[in-house]
Amino acid sequence: MNQQHSGTAPRGRFITFEGIDGAGKSSQLAATVALLAARGIDVEQSREPGGTALGERLRELLLHEPMHLETEAMLMFAARREHLAARIEPALAAGRWVVCDRFSDATFAYQVGGRGLARDKFDALEAWVHPNLQPDLTLLFDLAPEIAAARVAATGADPDRFEREQRDFFVRVRAAYLERARRAPQRICVIDADRPPETIRADIERLVRERFLA
Ligand code: TYD
């Protein structure tokens with residue numbers, strides 16, 4: 001997986017962060033990027049939906065504009081197609097690492113688990129957009145929806161279309177994430193996000209070190 005080389009540089013690593021809204025992945029992601037950069041690794045930070053100029057415009061629509069659930073799923077993958085072509089693939093091919101806030105596991109969790117998109121439609125979109133690529137490592141921040149919702153509320157920011165969903169939605173999203181982790185246990189590491197940030201950070205540092213820097 002992801003071991004092809006292009007030119008002389010060894011292919012970069014692709015690491016993704018996942019979890020329900022409020023699970024606390026964003027600050028840990030920044031810490032991981034800093035850790036890798038301090039090790040002299042050429043690393044790019046990105047996010048989905050987003051990561052390119054077009055992707056960020058699609059993000060605005062996805063987060064704020066009501067739409068059919070299949071439109072939502074296709075726009076997530078449209079943004080991803082652009083992101084892969086314009087940023088992720090070129091970076092990995094040039095030996096740069098990419099650390100991304102969410103990727104296709106989020107579509108499985110939110111659109112299939114949360115919204116009820118048919119699985120075969122998700123599978124078809126994933127097979128179309130990235131048939132031969134999966135992250136090298138995915139850190140799944142797992143947290144009870146009640147705790148996550150309290151954290152989102154505490155930020156005081158205006159909630160987006162997803163953050164406004166009710167507890168049941170996030171119960172389904174969480175279950176879909178955990179199901180996906182069970183199906184790809186080598187790739188997806190479940191992180192108990194109900195612990196102090198320093199403890200979580202130490203866990204992630206150990207995981208990344210064992211996996212890639214040993
Ligand atoms: P996120 O970047 O976590 O939002 P924030 O800026 O508030 O931290 O994610 C944006 C939202 O998009 C999040 O609620 C999950 C949702 N999402 C999907 O529903 N499907 C997807 O495929 C992706 C990538 C995100």
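I will start with how to read the model, then move to the helix, and end with the spaces.

This is a predicted model, in which local features need pLDDT of at least 70, side-chain atom pairs count only at pLDDT 80 or more, and totals for chains, interfaces and linings use all residues. Residues are numbered from 1 along each chain as its sequence is written, and side-chain values use heavy atoms, with hydrogens and water left out.

First, helix H3, residues 69-93. Helices here are DSSP runs of H or I with at least four residues, strands are runs of E with at least two, and both are numbered from the N terminus. How far apart are the end C-alpha atoms of H3? They are 33 Å apart, which agrees with the 36 Å that its 25 residues should span at 1.5 Å a residue. That expected span is 1.5 Å times one less than the number of residues.

H3 has a kink of about 50 degrees, centred on Leu-84. The bend at a residue is the angle between axes fitted to the seven residues ending there and the seven starting there. After H3 comes Gly-95, with a positive phi near 90 degrees.

Leu-84 is also among the buried residues of H3, as are Glu-72, Arg-80 and His-83. Buried means under 20% relative accessible area, exposed means over 50%, and partly exposed is in between, with a 1.4 Å probe and protein chains only. The cover over the buried residues of H3 includes strands E1 (14-19), E2 and E3 (97-101), and helices H2 (53-64), H4 (104-114) and H5 (119-129).

Now a residue in strand E2, which is residues 43-47: Glu-44. Is Glu-44 buried or exposed? Glu-44 is buried, because its relative accessible area is 18%. Leaving aside neighbours within four places in sequence, Glu-44 is in contact (heavy atoms within 4.5 Å) with Arg-87, Ala-91, Arg-96, Trp-97, Val-98 and Val-99.

Next, the spaces. Rolling a probe the size of a water molecule over the atoms shows where empty space is left. On a 1 Å grid over the protein atoms alone, a cavity is a set of points where a 1.4 Å probe fits but cannot get out; a pocket is an open set with protein on both sides within 12 Å along at least five of seven lines; and lining residues have an atom within 4 Å of a point. Grid points are joined across faces, edges and corners, and a volume is the space filled by probe spheres set on the points.

There is one cavity of 30 Å³ or more. The largest cavity has a volume of about 60 Å³, and its lining is Gln-28, Ala-31, Thr-32, Leu-35, Arg-201, Ile-204 and Glu-205. Helix H1 (25-38) and helix H8 (197-213) each give two or more residues to that lining, with the largest share, four residues, coming from H1.

The largest pocket has a volume of about 720 Å³. Of its 32 lining residues, Asp-21, Lys-25, Arg-59, Arg-102 and Glu-163 lie nearest its centre. H4 gives the most to this lining, with four residues.

The second largest pocket holds about 150 Å³. It is lined by 13 residues, and Pro-145, Ala-149, Glu-163, Glu-165 and Phe-170 are the closest to its centre. H6 supplies the largest share of that lining, six residues.

That is the end of the talk.
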